[in-house]
Amino acid sequence: FQTSFTENFSDRTNQLQKPFSRMAMFFCLLLACLLAADASAASTGNVALNKPAKQNGGTNPTFAVDGKPGTCSQTDKAVKPWWRVDLGNSLVSSVIVTPPKDSGYKNLEGFRVYLSNGHDEVPCGGKQTKIKAGVPRQVICSNTGPWKHVYIRGTNSIWSTKPLSLCEVQVIAGTPIVPSYTASVAFKKSTAQLGGQNPTFAVDGDPKTCSQTKKTPNPWWRVDLEKSSVSAVIVTPPKDRDRLQQLEGFQVSLSNNPNPNDPKAVGTLCGGPQKSLKPGVPRTVTCSSMAQWKFVHIRLPGSSRILSLCEVQVFSGTPSQIATTQQSSTAGYSGAGLAVDGKPGTFSQTAPLKDPRSEPVWHALLKSSGSMKPFVTTVAITKRSDKAAKPKWLEGFQVLVDGTPCGGAQKGLQPGEVRAVMCYKPGSNVLVKGPPGTVLSMSEVKVYVRTAPQ
């Protein structure tokens, strides 16, 4: 009886263990999936959550990244209060800032977002105004990375010191809102240069690999587009300062002649000598000619120079037909349509607005082909060069396509400069918006489009 009972009990135990084993395996797999999903969300979602945070004095800087919008950080009172989070190393596509629900939200008026790699800072969007209590503000980033720190900086006058209070700061990872390397018509195309090594590294889609010529007078590099229009060329310089210094003053030209040293080779120059470069920060050079070109040349005038390029992106597009234009106000006879008349001597200009908090706006409606929306690749804006134009009139403008920002605030334009703003967005409505209380005055606006993204 004992043997029979033991055998029966053992059989029952084995039968019971099988479903429990299957159930345990199911829960283990479920837990693994949840952990994997959580890890995936962490890599593409809010990368600032529970990361180390600092600020200029005050209390509880980590409250801004604890995932609880009901808890808020607060700095000491200062003319320029700041807060930062250490991401470690991450791409950044946008930053979402949640202000306090109480009167503390007013202290956030005019805040700015900056990205830092530990050496250099670049702005992410422009000055943030019209902040509302408890309403999150998303700031779009268009700068390549990766980045170590995100800074939130307050802007007070010297007569008023206020604290900076943040109830939540979310940093959204992922690809920055800029054209991908594969969208470049130069991507993996045939290249050549004057000696040195790896000319193809400049068009391989990896900004960590760089081409380099030999040390020589007037070194050059070129890419064969086969045949393409060119609206802008984006050049990513090296991050190390020695090679960066060597790149100062480079020039971009378009040609159908493969020999860059032939006087007849330069079909058209794109902008002038490119100076004040920053390590690893892409430089956009606008090309005003919409003819078809075979080669893009990059030359470096001077004796004993080395030309090193970490990425060269070439973007094409054709000028869009504009149906109508309008602006928020008009100064004299400087109507909105004068910015698209093809005459650099004429210009549009808004009148000063009565409310200093209002933003001047210029709008263009693009003609569509059938039911397909235009696909905007580039918006090129020319700053006035006449003596009557004031330097600050176009400072800090932004471009939007169907309400979506193209990059951040555009600053530092020189008289007569053409600034290309990369968009790569579908839409029929192009908006140029100035900071509150300013004037928008533009010599020329050109919108380049494709029928579909590439």
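Biologist: Which cysteine does C72 pair with in a disulfide?

Modeller: C72 is joined to C167, with an S to S distance of 1.9 Å; a disulfide here is a pair of cysteine sulfur atoms within 2.5 Å. This is a predicted model, in which local features need pLDDT of at least 70, side-chain atom pairs count only at pLDDT 80 or more, and totals for chains, interfaces and linings use all residues. Residues are numbered from 1 along each chain as its sequence is written, and side-chain values use heavy atoms, with hydrogens and water left out.

Biologist: What is the handedness of the link of C72 and C167?

Modeller: Right-handed, with 85° about the S-S bond. C72 is in the loop between β1 (53–55) and β2 (73–74) and C167 in the loop between β9 (165–166) and β10 (168–172), so the bond ties together parts 95 residues apart in sequence. Strands are DSSP runs (E, at least two residues), numbered from the N terminus.

Biologist: Is C167 buried or exposed?

Modeller: C167 counts as buried because its relative accessibility is 3%, whereas C72 is partly exposed at 27%. Buried means under 20% relative accessible area, exposed over 50%, and partly exposed in between (1.4 Å probe, protein chains only).

Biologist: How many disulfides does the structure hold?

Modeller: Two. C210 and C310 also form one, with their sulfur atoms 2.0 Å apart. That pair links distant parts of the chain, 100 residues apart: C210 sits in the loop between β11 (191–193) and β12 (211–212), and C310 in the loop between β19 (308–309) and β20 (311–315). Both C210 and C310 are buried.

Biologist: New topic. Where does Q327 lie?

Modeller: Q327 is in strand β22, residues 322–327. Q327 counts as buried because its relative accessibility is 15%.

Biologist: What does the side chain of Q327 make a polar contact with?

Modeller: The side chain of T330, at 3.0 Å. The Q327 side chain also reaches the backbone oxygen of S334 at 3.1 Å. A polar contact is a pair of N or O atoms within 3.5 Å; within protein, one must be able to donate a hydrogen and the other to accept it, and residues adjacent in sequence count only if both atoms are side-chain atoms.

Biologist: Which residues is Q327 in contact with, leaving aside neighbours within four places in sequence?

Modeller: Among them are G335, S348, V361 and W362, where contact means heavy atoms within 4.5 Å.

Notes
Helices (H or I, at least four residues) and strands (E, at least two) are DSSP runs, numbered from the N terminus.
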